[in-house]
Amino acid sequence: MAAALKRSTLRLGMIPADGIGKEVLPAAQRVLEALGSAIPRVEFVPLLAGWEEFNKNGKALPEATIETLKIECDAAMFGSVSSPSHKVPGYSSPIVALRKHLDLYANIRPVKSVQGVDGKPVDMVIVRENTECLYIKKEEIHDNADGSKVAYATRQITSYASSRIGRMAYELALRRQAEREAGASSSVHHSQPKVTIVHKSNVLSVTDGLFRETVRAVSQEDKYKSVKTEEQLVDSMVYRMFREPEIFDVSVAPNLYGDIISDGAAALVGSLGVVPSVNAGDNFVMGEPVHGSAPDIEGKGIANPIASIRSAALLLSHLGYTDAAAKIDTAVDNVLREGKYRTPDLHGKSTTEEVTNAILKAL
Ligand SMILES: NC(=O)c1ccc[n+]([C@@H]2O[C@H](COP(=O)([O-])OP(=O)(O)OC[C@H]3O[C@@H](n4cnc5c(N)ncnc54)[C@H](O)[C@@H]3O)[C@@H](O)[C@H]2O)c1
Ligand SMILES: O=C(O)CC[C@H](C(=O)O)[C@@H](O)C(=O)O
């Protein structure tokens, strides 16, 4: 977490991209605008990316977007992209590409239930490696002599990436413990900071073996001696997460496992529509709701804006504006607890705008 930037203006790249990204990112912008003097003046820089942009101009991630982020912006917010499920020549996921271009190697995804709201007590963070694994997208397909086909994907795990994501997880475990000791509210009692290493090295003993051993080596560093280390095979991780989510504090996982378990964890707290994330590197951070472009509800005005609003809070917290971030989180928790304004994914009848207005009022 960076110390608060000493700036009079914060330049924030805003990339709504596709689908409900265009509906929920403006909600996050409204909340940031309402913070007033709690943060520096924010200058929002609208930027293009996505499937719609690809179909208009042939590029899912225009050079101008990358350059503006790199040269002119202090941080960014991403909405969601509608990547197609079939191969389209020239198209490549802009969010996956941005994580690599900006070396945003850690995808930090806190999943937390709100006290007093239905559901199991959950207060965990998934720390997802964000640059490698199957996401290097090295795939090939060949024809066999008999006319059938065979396709391969290369999975890359490096000690470099595993070590820095491991360190991120242990640092976060220490920070969460310090916050708990300072009185941070939680629906779960974690008696000791803990990191769970998620892998499948019973089968993939070389790749996941390297991930596991490298993170274990990080755990041995003196400064992390107070942090308990556990391991969980990714399949039983899903099982245990659903049965006893309260046992998890920080979990660290290779890219694809992290992607999958975070959507599963979102179900534990009611909806993908409430789970935020930041893509963090050493020099840049980008907030992003965990959910996708939700084509099934796109354009209806009922997307839950909370994941994006919480992502804005997480972004501020990462930049060092912890008080402003806490203000947003408290307002969101209060609206959820009160229960009057909820979107249909949380079994309510409210619109995106009504929930956003309620959060603005609670601020
Ligand atoms: N980071 C990203 O940009 C990102 C993340 C995931 C998926 N995607 C893309 O999104 C598209 C759709 O993917 P999908 O349907 O598998 O996943 P999705 O996350 O878009 O939707 C899954 C389900 O959750 C619901 N949901 C998601 N966000 C919600 C919100 N804010 N409020 C209320 N309900 C919400 C949807 O209505 C849907 O029923 C695909 O093209 C995929 O590639 C992008
Ligand atoms: O649809 C895309 O282009 C990327 C989806 C993206 C991913 O990392 O796989 C999404 O599932 C996510 O969790 O951010």
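This is a predicted model: local features need pLDDT of at least 70, side-chain atom pairs count only at pLDDT 80 or more; totals for chains, interfaces and linings use all residues.
Which residue has a side-chain N or O atom 2.9 Å from an oxygen atom of ligand 2? The residue is Arg 109.

## Ligand 2

Arg 109 belongs to a shell around ligand 2 that also holds Val 81, Ser 83, Ser 93, Ile 95, Arg 99, Arg 128, Tyr 135, Asp 259, Glu 288 and Val 290. Sorted by class, this shell has five charged, four nonpolar and two polar residues. Domain 1 (1-109 + 270-363) and domain 2 (119-269) each supply at least three residues to the shell.

In Tyr 135, a polar side-chain atom is 2.6 Å from an oxygen atom of the ligand. For Glu 288, a side-chain N or O atom and an oxygen atom of ligand 2 are 3.4 Å apart. On its own, ligand 2 exposes 360 Å², and 76% of that is buried by the protein.

## Ligand 1

Ligand 1 has 20 residues around it, and the closest are Ser 83, Glu 288, Gly 292, Ala 294 and Asp 296. The shell of ligand 1 is made up of nine nonpolar, eight polar and three charged residues.

Backbone atoms take part in several polar contacts with ligand 1. A polar backbone atom of Ser 83 lies 2.7 Å from an oxygen atom of the ligand, and a polar backbone atom of Ser 293 lies 3.1 Å from an oxygen atom of the ligand. With Asn 304, a backbone N or O atom is 2.9 Å from a nitrogen atom of ligand 1.

Nonpolar side chains in soluble globular proteins tend to be buried together. In this model the largest nonpolar core has 78 residues, and those touching the most other members are Leu 12, Val 127, Val 252, Leu 316 and Ile 359. The core lies between domain 1 (1-109 + 270-363) and domain 2 (119-269), because both give residues to it. A second, separate core has 24 residues, including Ile 15, Ala 17, Ala 49 and Leu 104.

Val 127 shows what surrounds one member of the largest core. Apart from neighbours within four places in sequence, Val 127 is in contact with Asn 107, Ile 165, Met 168, Ala 169, Leu 172, Val 250, Ser 251, Val 252 and Ala 253.

Notes:
Residues are numbered from 1 along each chain as its sequence is written. Chains are lettered from A and ligands numbered from 1 in the order in which they are written. Side-chain values use heavy atoms; hydrogens and water are left out. A residue is near a molecule or strand if one of its heavy atoms lies within 4 Å of it. A polar contact is a pair of N or O atoms within 3.5 Å; within protein, one must be able to donate a hydrogen and the other to accept it, and residues adjacent in sequence count only if both atoms are side-chain atoms. Ala, Val, Leu, Ile, Met, Phe, Trp, Tyr, Cys and Pro count as nonpolar, Asp, Glu, Lys and Arg as charged, and the others, Gly among them, as polar. Accessible areas come from the Shrake-Rupley method with a 1.4 Å probe; for residues, only the protein chains shown count as cover. Domain bounds come from an automatic or database domain assignment. A nonpolar core is a set of buried Ala, Val, Leu, Ile, Met, Phe, Trp, Tyr and Cys residues joined through side-chain atoms within 4.5 Å. Buried means under 20% relative accessible area, exposed over 50%, partly exposed in between (1.4 Å probe, protein chains only). Contact means heavy atoms within 4.5 Å.
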